[in-house]
Structure formats: structure tokens, C-alpha cells
Amino acid sequence: MRRHLEHVLGWLAGLLLLAMMAVTVVDVVGRYFLNSPLPGAFELTELGLVLLIFAGLPLVSARDGHVNVPLLVERLGPRARAVQRGLVRLLGAALLALVAWRLWVRAGQLLDYGDRSVFLGIPLAPVAYCAALGCGLSAILTLLARRPHG
């Protein structure tokens, strides 16, 4: 199940990145060669980046690939390292769950207010709900993460 989820999220992140690249290319070509930039390109890129980050975060969490600096951990014994790793995962999952909850609350506010992007009028609540789900999934996968190779 987790492998399938990682596969789907990987494809989603790749498609979002491809879409953002296409928007940027069309905007640049239109702006500099046709004197006609793509309307709303900045908004599309901005919203795409939010979705890309919260599609990629669960992938990083599942693979235990977050950036770390092992200055003190290298001096710990195997048992202490295992305890430290467990505590860090619990704290990380708790913080991700907190952020997911606040994003969900904010998404509800955006939905209630009917907030939309300024230029294209894209509803913002669905983007915030996707971010909250991605962050919540990251919290769960942080607890279940497998150790990276190497």
C-alpha cells in the first residue's frame, strides 16, 4: 500500500513540476517573443508550487529523507541512537500533525469567505485542503518511515 502511495505521489509531483515548467515556458516565450505574457502565470506557478511541496513532503517523510545534521548523534551508541530516532520521529509527526490541523482550519476559513486568487479567480480552499492532507499524510508516514539506504 505504501509503495503504491509513493508511486502515485511521485507521479503527481512529476506532473505538477511538468505543468509548472510548461506554464513558465509559455509565459517566457509569450513575454519576450510575442509581447504577450501568459495571463495569470505567476498565480498558476504559485499554486502549483504549494501543491508540489505538499505532494513531495509525504515522499520525503516516507523515506526518512529529511535533512539532518548528525553532530551529536554520531557519538551515541546504537541503543541511544534508536531512542533518539524514535523521539525525533514522534516530535516531527506531532509538528506535522499540528501544521496539518491549522492548514485544515485555514482551508475552512478560505471556503467560508470564498477566497480566490486575485487574477484568475481560482478558489484557494481546495489548494489549502490538499496542503493539509499532504501534511497530515506526512505526519503518519513520518512515524512509519523506513531508514534510508546508506
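Me: Which residue forms a salt bridge with Asp-64?
Reply: This is a predicted model. The closest N and O atoms of the pair are 3.0 Å apart. That falls within the 4 Å limit for a salt bridge. The partner of Asp-64 is Arg-89.

Me: How many residues apart are Asp-64 and Arg-89?
Reply: Asp-64 sits in the loop between helix 2 and helix 3. Arg-89 belongs to helix 3. The pair links distant parts of the chain, and the separation is 25 residues.

Me: Is Arg-89 buried or exposed?
Reply: Its relative accessible area is 14%. Buried means under 20%. Asp-64, at 23%, counts as partly exposed. Arg-89 is therefore buried.

Me: How many salt bridges does the structure hold?
Reply: Asp-64 with Arg-89 is one of them. Glu-6 with Arg-63 is another, at 3.3 Å between the closest N and O atoms. Asp-27 also meets Arg-31, at 3.2 Å from N to O. The count is three.

Me: How many residues apart in sequence are the parts tied together by Glu-6 and Arg-63?
Reply: Glu-6 is buried at 8% relative accessible area, and Arg-63 is partly exposed at 42%. Glu-6 lies in helix 1, while Arg-63 lies in the loop between helix 2 and helix 3. So the pair ties together parts whose separation in sequence is 57 residues.

Me: Which backbone nitrogen does the side chain of Asp-27 reach?
Reply: Asp-27 is in helix 1 and is buried at 11% relative accessibility. Beyond four places in sequence, Asp-27 touches Pro-37, Leu-38 and Ala-41. The nitrogen reached, at 3.0 Å, is that of Leu-38.

Me: How far apart in space are Gly-65 and Arg-116?
Reply: Gly-65 is in the loop between helix 2 (41–62) and helix 3 (78–113). In sequence, Gly-65 and Arg-116 are 51 residues apart. C-alpha to C-alpha, the distance is 34 Å.

Methods: Residues are numbered from 1 along each chain as its sequence is written. This is a predicted model: local features need pLDDT of at least 70, side-chain atom pairs count only at pLDDT 80 or more; totals for chains, interfaces and linings use all residues. Side-chain values use heavy atoms; hydrogens and water are left out. Helices (H or I, at least four residues) and strands (E, at least two) are DSSP runs, numbered from the N terminus. Buried means under 20% relative accessible area, exposed over 50%, partly exposed in between (1.4 Å probe, protein chains only). A polar contact is a pair of N or O atoms within 3.5 Å; within protein, one must be able to donate a hydrogen and the other to accept it, and residues adjacent in sequence count only if both atoms are side-chain atoms. Contact means heavy atoms within 4.5 Å. A salt bridge is a side-chain nitrogen of Lys or Arg within 4 Å of a carboxyl oxygen of Asp or Glu.
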